[in-house]
Amino acid sequence: MELFWQIFLSLSLLLAAFGIAWLLFSPLAFIYSAFFSRRKHSKMLDELRERIGLTVEKFGRDPLTNKKSPTFGEEISEAMYIQSNYVLGPGWFNQFIAGFHSLIGGQINSFDDILTLARQNCLQSLREQASDGGYDEVINVRLETSRISALTGGKSQNKFIEIFAYGTAVKYS
């Protein structure tokens, strides 16, 4: 019987330590998110814009188009389906601000930078795949979005968003 109480006490202390750690971690993570997440996203977006500039400079134009047929009307010698995806999750502070805006109404700007980052990262991946494969253009480019939700307590919580981009890379003869 004494062994039971020792195990029970050990588990209770472990759960209490976990609870205290969570109690301390949550506010610190929230504050960190408030001060640094937007700055980090801006830095990532600036680096991505540099990559986009280099790729566009290499092609002489943006090789992506949403047209269903080739831009230049030339004969296609090779074509390949290419795709890219990017999964993102907003920081705690972004979710807090969005929740506040949903209560009072209005435009929710807290997700703009991360959604722009995700979209542009997907499109840049298509550009780089076309460049690496020696393709001249990517036609019929499409973007899709989906929510990845976790079910907790019977409620669906939107925590992550996936951006999926695809198109047909073509090489002209």
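## Helix α2 and its end

In this predicted model, helix α2 covers residues 92-104, which is 13 residues. The distance from its first C-alpha to its last is 19 Å, close to the 18 Å expected at 1.5 Å a residue. After α2 comes G105, a residue with a positive phi, near 90°.

## N94 within α2

N94 has its place in helix α2. With a relative accessible area of 5%, N94 falls under the 20% limit and is therefore counted as buried. When neighbours within four places in sequence are left aside, the contacts of N94 are S37, S110, F111, D113 and I114.

The position of N94 may also be set against that of P63, 31 residues apart from it along the chain. The C-alpha atoms of N94 and P63 are separated by 33 Å.

Apart from neighbours within four places in sequence, S131 is in contact with K58 and F59.

## The largest pocket

The largest pocket holds about 200 Å³ of space. Its lining consists of A29, Y32, S33, F36, S37, K40, H41, G89, P90, G91 and W92. Helix α1, which spans residues 2-59, gives the most to this lining, with 7 residues.

Sorted by class, the lining of the largest pocket has 5 nonpolar, 5 polar and 1 charged residues. One of the lining residues, S37, is also among the contacts of N94.

## The chain as a whole

The secondary structure of the chain amounts to 3 helices and 3 strands. Read from the N terminus, the order of the elements is α-β-α-α-β-β. The chain has a radius of gyration of 23 Å, well over the 16 Å that the globule rule gives for 173 residues, so it is more spread out than a compact globule. Along the principal axes, its C-alpha atoms fill a box of roughly 85 × 40 × 30 Å.

Of the 173 residues in the chain, 26% are buried. Among contacts between residues at least 6 apart in sequence, 79% join residues at least 24 apart.

Note on methods
Residues numbered from 1 in each chain as written. Predicted model: local features only at pLDDT ≥ 70, side-chain atom pairs only at ≥ 80, totals over all residues. Heavy atoms only, no water. Helix = DSSP H or I, 4+ residues; strand = E, 2+ residues; numbered from the N terminus. Expected span 1.5 Å × (residues − 1). Contact = heavy atoms within 4.5 Å. 1 Å grid on protein atoms, 1.4 Å probe; cavity = no way out; pocket = protein on both sides within 12 Å on 5 of 7 lines; lining within 4 Å. Points joined across faces, edges and corners; volume = space filled by probe spheres on them. Nonpolar A, V, L, I, M, F, W, Y, C, P; charged D, E, K, R; others polar. Rg over C-alpha atoms; globule rule 2.2 N^0.38 Å. Buried < 20%, exposed > 50% of the residue type's maximum accessible area, 1.4 Å probe, protein only.
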